[in-house]
Amino acid sequence: MGGGMFGRCDFFVVVVLVVLVGSVRGIGVNWGTQSTHPLSPSKVVKMLKDNGIQKVKLFDADPGILDALKKSGIQVMVGIPNDMLYTLANSVEAAEKWVSKNVSKHVSSGGVDIRYVAVGNEPFLSTYNGTYETTTLPALQNIQAALTKSGLSNRVKATVPLNADVYQSSSEKPSDGIFRPDINSVMLQIVKFLNDNGAPFTVNIYPFISLYADPNFPVDYAFFNGYQPAINDNGRTYDNVFDANHDTLVWALQKNGFGNLPIIVGEIGWPTDGDRNANLQYAQHFNQGFMSRYMSGKGTPMRPSPIDAYLFSLIDEDAKSIQPGNFERHWGMFYLDGKPKYQLNLGSARGNGLVGADGVDHLAKKWCVLKPSANLNDDQVAPSVAYACQNADCTSLGFGTSCGNLDVHGNISYAFNSYYQVNDQMDSACKFPGLSMITDKDPSVGDCKFRIMIQTDSAGLHGKVGSLTIVLFSFLLLLCCNLLF
C-alpha cells in the first residue's frame, strides 16, 4: 500500500484548523503512478473532478501532475519518498530546496492548493527492519522548519503516513492499545511534534490485510455489516475491524496525553484481484460500506465525529512491487485505462456511477497467445513464461484470482499477452521461440480478461526499451534455463 484529512477534536481546535487549513469534507483518493502506461495527468484530474473528488494524496511531487492540478479546486497532499528521508534528515538546506521547488513554487504562482506534505510513506513498517527509524523524525522537523521559513506553515502541514502496525493491542479490545514497543520512543516524539505544530496523525488502515494475513479472521468483521457478536470494550461496541483498529490508535494517543490529536485515514480500500479475497464484489461491498458511513458523518466509538479519509486507490498500478502480495497491483477503483471497475457512490451529485476517463485510446485488437501446435514439453516453455511474467504482470493468475480457472494453455497465453501489451504490441514482443503467435480473436474467458494496452505518450519509450529487450531475449532465455533447470 502506499499511507487523508484531519479528524475532529474539541471545538476550538476545529475552528482554528478550519480557518488555517480550510479543509473540505469530500472524500479524498490516493493517486499512485507506478504504471507502465499511466494516463496523462490532465485526464486523471478531469476524472477526479468528474467524480466530485475534492482531495488527492500523492506519493511524490511530480511537476507534471502538480501542473495539471493548477486551479482545479482539488486539495493536495504531496509526498516525499522514503529514499529521500536520509538526505532531508541530514540537511536543512536540502529540505528548504525541496519545499521551495515542490511546495512554494506551486502554491505561490501555480495555483496548486497544497495542504499537506507527507514525509515518507509507512517508514516504520516492521518489514523495513528499522531502516528509517532514525531519519523520519529529523526529516519531518526539517521539512516543518522549511515550511515555516517559507511562510507556509499555517497553510501547509507536515505529517507522516504510518501503517497501522505502529500500534497494537494485547487483546481484541481497543482500550488495550499501545504504540509498538520497539518504536514507542520515536513515536511519542513524532506525536508530540505533530501536536506542537497543529498537524494531524496520518494512518493507513486495511481490513483486507487482516483477512489476508489470517485465514481464521472472520470475513464479516472486515466489512461494515454489523458483525456479531460485537466486541464490548467497557460499554463501547465494535462490529467491524476498521472501528476497532482506528480506536486502538486513539487509545494509544490518549494514554500518552494526545487524546485530541486530529487523525487522517491516509489509505483505506480493497483490492480486486491477486488473492482469493480480492475481487470486484468484496471491493465494491467494502468501499460502498465505508462511503455510506462516511457520507452519513458517522465516526467511531472513540471519535464519533466525521472521519476524513483518502480511498486507496484511484487507478491500478501494474508496475508496483508485489512483495507484499499479488493484490498490490489491483487496488484501483478504475482499471489502467480509467474504466470504472464497479458502481460506487462517492457522495457526489452523480449518484452510484463512477465516471471513467475520457478520450483514452487503446492499441489494436490483437493478442499474443500460445500456438495451438506448440509442444508444452518444449524446454523453452518455463523460462519463456517466467521471463514474460517478470517483465509484465501476471498477478491475475493463481488460486482464487480472476484468471485462476485457466488451463495450462490459458496461463501461458496470458503471460505472453501481458508481455506483448506492455511492449505496445511490437511484433518482436511476441516471438517466444516456437511457442507464440499473434491473433485477432479475443482469448478472454468469462471474468478473465486478456487486456489490450492503452496508447500513451510514453509508448515510444516503451517501444525502444522493448526493442533492446528483444535483441537480448535469446541470451536471457538461456540464462533463465540455467537458473531454473
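Lys46, Asp50 and Asp358 are linked in a network of salt bridges, a salt bridge being a side-chain nitrogen of Lys or Arg within 4 Å of a carboxyl oxygen of Asp or Glu. The model is predicted, so local features need pLDDT of at least 70 and side-chain atom pairs count only at pLDDT 80 or more, while totals for chains, interfaces and linings use all residues. Residues are numbered from 1 along each chain as its sequence is written, and side-chain values use heavy atoms, with hydrogens and water left out.

**Salt bridges**

- The whole structure contains 16 salt bridges.
- In the pair formed by aspartate 358 and lysine 46, the closest N and O atoms are 2.7 Å apart.
- Aspartate 358 lies in the loop between β13 (309-311) and β14 (367-370) and lysine 46 in helix α2 (residues 41-50), so this bridge ties together parts that are 312 residues apart in sequence. Helices (H or I, at least four residues) and strands (E, at least two) are DSSP runs, numbered from the N terminus.
- Aspartate 113 and arginine 155 form a salt bridge with closest N and O atoms 3.4 Å apart.
- Because aspartate 113 lies in strand β4 (residues 113-119) and arginine 155 in the loop between α6 (136-149) and β5 (157-159), the pair ties together parts that are 42 residues apart in sequence.
- Lysine 341 and aspartate 316 meet through their side chains in a salt bridge of 2.7 Å, N to O. Lysine 341 and aspartate 316 each lie in the loop between β13 and β14, 25 residues apart.

**Accessibility of the paired residues**

- Aspartate 358 is partly exposed at 42% relative accessibility, and lysine 46 is partly exposed at 38%. Buried means under 20% relative accessible area, exposed over 50%, and partly exposed in between (1.4 Å probe, protein chains only).
- Aspartate 113 is buried, at 15% relative accessible area, whereas arginine 155 is partly exposed at 33%.
- Lysine 341 and aspartate 316 are both buried.

**The second largest pocket**

- The second largest pocket holds about 1,100 Å³ of space. On a 1 Å grid over the protein atoms alone, a pocket is an open set of points where a 1.4 Å probe fits, with protein on both sides within 12 Å along at least five of seven lines; lining residues have an atom within 4 Å of a point.
- Of its 40 lining residues, Tyr335, Tyr414, Lys449, Phe450 and Arg451 are the closest to the centre of the pocket.
- Helices α10 (280-296) and α12 (408-422) each supply at least two lining residues, and α12 gives the largest share, five residues.

How values were computed
Points joined across faces, edges and corners; volume = space filled by probe spheres on them.
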